[in-house]
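Hello,

Here is the structure I promised to pass on. My notes follow below it.

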Amino acid sequence: MREFGDFANIDIDKLLRGAEVQFAKAEEVQQSLAGLVGRAEDEDGLVSVEYAGGGLRDLTLHAKAMRLSSGELAEKIKQVIQEATEDLQRQINELMGDVYGEEDNPMKLVNDPEAALGQIKEAEAAYNRTFEDVMGELDRIRRRLDL
């Protein structure tokens, strides 16, 4: 029978401990995400926004904002919402970096589609190699059994 190489020497306890650590990190992230809120305010203090995971949480308009034209006010609101979402995204990136470390930060893949695609291609190549190895071994077994 053919050896399974390093695969036969996997430390199951270490693998399970690693999985537990990853689950704990995921739980920590999930709990922390619930408390994150992006905030922004325009330079005149007329519009302020809070933006959380569920979307727009708070929109405050100073009474002086009503002096703006509807178009100016709409643009100011859209801009401040954009800034609040960017603030929330920055906080999420920091949280993920703190929990997973900058090297393993999953947000790097979200922010860098080329890197994500590279990792997908690496995983695909590893899968293809494994599949070919397994099929080759099955073919050898079939020939030995004269099937």
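Start with a salt bridge: the side chains of aspartate 139 and arginine 143 meet at 3.5 Å, N to O. Both residues lie in helix α4, four residues apart, about one turn of the helix. Aspartate 139 is partly exposed at 29% relative accessible area. Arginine 143 is partly exposed too, at 49%. Please keep in mind that this is a predicted model.

Helix α4 holds another such pair. Arginine 140 forms a salt bridge with glutamate 137, with the closest N and O atoms 3.0 Å apart. These two are three residues apart in α4, so about one helical turn separates them. An α-helix has 3.6 residues a turn, so residues three or four places apart point the same way. Arginine 140 is partly exposed, with a relative accessible area of 35%. Glutamate 137 counts as buried, because its relative accessibility is 18% and the cut-off for buried is under 20%.

Leucine 138 sits in α4, which covers residues 113-144. Its relative accessible area is 47%, so leucine 138 is partly exposed.

Now the strands. β1 (residues 38-41) and β2 (residues 47-52) pair antiparallel over four bridges. Alanine 40 has valine 49 in β2 as its bridge partner. Five residues lie between the strands of this hairpin, and glycine 45 takes a positive phi near 75° there. β2 also pairs antiparallel with β3 (residues 55-61), over six bridges. Serine 48 is bridged to threonine 60 in β3. The hairpin joining β2 to β3 has two residues.

Glutamate 50 and arginine 39 meet through their side chains at 3.3 Å, N to O. Glutamate 50 is in β2 and arginine 39 in β1, so the pair ties together parts eleven residues apart in sequence. Arginine 39 is partly exposed, at 47% relative accessibility. The model's salt bridges come to eleven by count.

Last, helix α2. It has 31 residues and reaches 45 Å from first C-alpha to last, close to the 45 Å expected. Glycine 101 follows α2, with a positive phi near 90°. Within α2 (residues 70-100) lies glutamine 91. Glutamine 91 counts as buried, at 16% relative accessibility. Beyond its neighbours within four places in sequence, glutamine 91 contacts Leu36, Val37 and Gly38.

Best regards

Conventions. Residues are numbered from 1 along each chain as its sequence is written. This is a predicted model: local features need pLDDT of at least 70, side-chain atom pairs count only at pLDDT 80 or more; totals for chains, interfaces and linings use all residues. Side-chain values use heavy atoms; hydrogens and water are left out. Buried means under 20% relative accessible area, exposed over 50%, partly exposed in between (1.4 Å probe, protein chains only). Contact means heavy atoms within 4.5 Å. The expected span of a helix is 1.5 Å times one less than its number of residues. Two strands pair if DSSP finds at least two bridges between them. A salt bridge is a side-chain nitrogen of Lys or Arg within 4 Å of a carboxyl oxygen of Asp or Glu.
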